[in-house]
Amino acid sequence: MTMNSMSNNSSNTNSSSTRRVLDEGDISRSLTRIAHEIVERAKGAEDVVLLGIPTRGILLARRLHARLAQITGRDIPIGTLDITMYRDDLRLKPARALEHTEIPAAGLDGKLVVLVDDVLFSGRTIRAALDALGDLGRPRAVQLAVLVDRGHRELPIRADYVGKNLPTSLREAVKVKLVETDGLDAVLLGAREEQPSHGEQPPPGGQQDQQHSDSSDKNAGSTQ
Amino acid sequence: MKRHLVSTADLTRDDALLILDTTEEMAQISTRAVKKLPTLRGRTVVNLFFEDSTRTRTSFEVAEKRLSADVINFSAKGSSVSKGESLKDTALTLQAMGADAVVIRHSASGAPKRLADSDWLHGSVVNAGDGTHEHPTQALLDAFTMRRHLNPGRGKDLAGRRITIVGDVLHSRVARSNVHLLHTLGAQVTLVAPPTLMPFGVDSWPCETSYDLDAALPKSDAVMMLRVQRERMNAAFFPTQREYSRRYGLDLGRAAVLPDHAIVMHPGPMVRGMEIASEIADSARSTIVEQVANGVSVRMAVLYLLLGGSEPAITTAASPTEEHTK
């Protein structure tokens, strides 16, 4: 899907307009801090369930899971939540393949669900995730952990745990690279390409909101 | 752009795998407390059934409702069709009412194709069984059931698996759809039927044929028994039911020579004691009930992929694009 194809886009990584905002060490320290914050806020993380949002949110959730295990000595339930069918822009783009949703066996009722995603942008992905959660159970509370908050919210949504607040312009693109899919850990800030560069077909004329062609923009809404 | 599912022969391997993988996710929905997705909210799907069907129509209806589509059931009985309305006028009426998709079952082979190729309707056409031609969603749910048992996992196909389809192949749209789809997925299909129930021109199908069930069974990974469709028979195709059952029915003795992992399938409705013994239909290796459950998931996947976005995710014959067809 969108994200996997991004890894091939290495030419952009080398171009002078791309800046490395976080490196491997920064990402690692951010996640460690977030893990500690989760334990602190949840007073021991007794009832925490981590839900990663595909694709990179899942990888980040796994890393948080490992850190929480170190801190608390317990195995925190972890799952994945695909929000594709809850998106508000479904009918603006070609139908897309679904990602895997896996809810821990103990369910979500009465739990403290921590949603994990890579970049918080318009907030539309998170709105979709909240809708999806409503069909899956009734958590005691829902919190949001993101590696990067790049601003430009289009909905009244905020993150509870943020790796880095990154003021950006709408002309810029934030790319999160993780070892598991991209071979390196980094957050890059560069100019947004004008051409759709990913594997999906460009939309059939008319709607060009497809310009957000990078991983951070899976939740992009209107660009105005 | 057209977006239809009329024949499994139109599906590429990638399309078929995309549908099966999507089905895998849809199957999870059925295990939830809230079995509902907002995906097709505001879309209207018409179930246009010119031929009796409980199982398929109900299955489509459940799938449509789980995706939040508005469902309209239109059956030939008690409708304007019984007053002599043509397919064209029915289609024009549905178009005027704003149908986003039409699920059609018709006793005439080719009726869905006619609808899909015409400009009577702008919505998607999904073939829910046409005459003795095709029944694509049944084949997809069969393939999904086989994959779950024989080669589970996302992105997996049925390469090298041996599938035996037994019975009234002549009148079976299920057999025809299965042969094309299973061939696309890499399986080796053997059709077993008495000579009178083997369709004309079957040698051009991508499968083997045999008149001998006992020879085919020991090397089968899956056996699909077909119902003898007496309602479509206007001639004597075999001497007696008992003789048919003795030579082509799956009884305890025959089931015993199947490999241990082999599954027994039936698209339903089945006639116990005719093509399949009751003990086999209720045995652990029978997937008959599971097939019904998978039917809902497969139809959700097809409807989602055809209607969920601005254009369908699966390439069909009506919309061949170069990069997808190869």
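1. First, a term you'll need. A residue counts as buried if 20 or more other C-beta atoms lie within 10 Å of its own, as exposed if 12 or fewer do, and as partly exposed in between. Keep in mind too that this is a predicted model.

2. Now try the term on Val179(A). Is Val179(A) buried, exposed or partly exposed? There are 13 other C-beta atoms within 10 Å, so Val179(A) is partly exposed. You'll find this valine in helix α6 of chain A, which covers residues 179-182. Leaving aside residues up to four places away in sequence, Val179(A) touches Leu184(A) and Asp185(A).

3. On to chain B, which has 12 helices and 10 strands. The globule rule gives 20 Å for 326 residues and the radius of gyration of chain B is 19 Å, so chain B is as compact as a globular protein of that length. If you'd like dimensions, the C-alpha trace of chain B spans about 55 × 45 × 40 Å along its principal axes. Of the 326 residues in chain B, 48% count as buried.

4. How does chain B hold together along its sequence? Take the contacts between residues at least 6 apart: 77% of them join residues at least 24 apart.

5. Chain B is split by the domain assignment into domain 1 (4-134 + 294-325) and domain 2 (136-290). Notice that domain 1 is written as two stretches of sequence. The centres of the two domains of chain B, taken over C-alpha atoms, are 25 Å apart. Where they meet, 27 residues of domain 1 of chain B are in contact with 25 residues of domain 2 of chain B. Which element gives the most to the domain 1 side of chain B that touches domain 2? That's α1(B), with 8 residues.

6. Next, the inside. In soluble globular proteins, nonpolar side chains tend to be buried together. Here the largest nonpolar core has 143 residues, and Val102(B) and Val223(B) have the most contacts inside it. Helix α11 of chain B (residues 288-307) gives the most to this core, with 11 residues. Why does the core lie between the domains? Domain 1 and domain 2 of chain B both give residues to it, so it lies between them.

7. Zoom in on Val223(B). Not counting residues up to four places away in sequence, its contacts include Thr164(B), Val166(B), Leu217(B) and Leu250(B). Among the others on the list are Leu258(B), Ala262(B), Val264(B) and Met265(B).

8. Last, one pair of strands from chain B. Strands β6 (residues 162-166) and β7 (residues 188-192) of chain B pair in the parallel sense over 5 bridges. Which residue of β7(B) does Arg162(B) stand opposite? Look for Gln188(B).

Methods:
Residues are numbered from 1 along each chain as its sequence is written. Chains are lettered from A and ligands numbered from 1 in the order in which they are written. This is a predicted model: local features need pLDDT of at least 70, side-chain atom pairs count only at pLDDT 80 or more; totals for chains, interfaces and linings use all residues. Helices (H or I, at least four residues) and strands (E, at least two) are DSSP runs, numbered from the N terminus. The radius of gyration is taken over C-alpha atoms; the globule rule is 2.2 Å times the number of residues to the power 0.38. Two residues are in contact if their C-beta atoms, placed from the backbone, lie within 7 Å. A nonpolar core is a set of buried Ala, Val, Leu, Ile, Met, Phe, Trp, Tyr and Cys residues joined through C-beta atoms within 7 Å. Domain bounds come from an automatic or database domain assignment. Two strands pair if DSSP finds at least two bridges between them.
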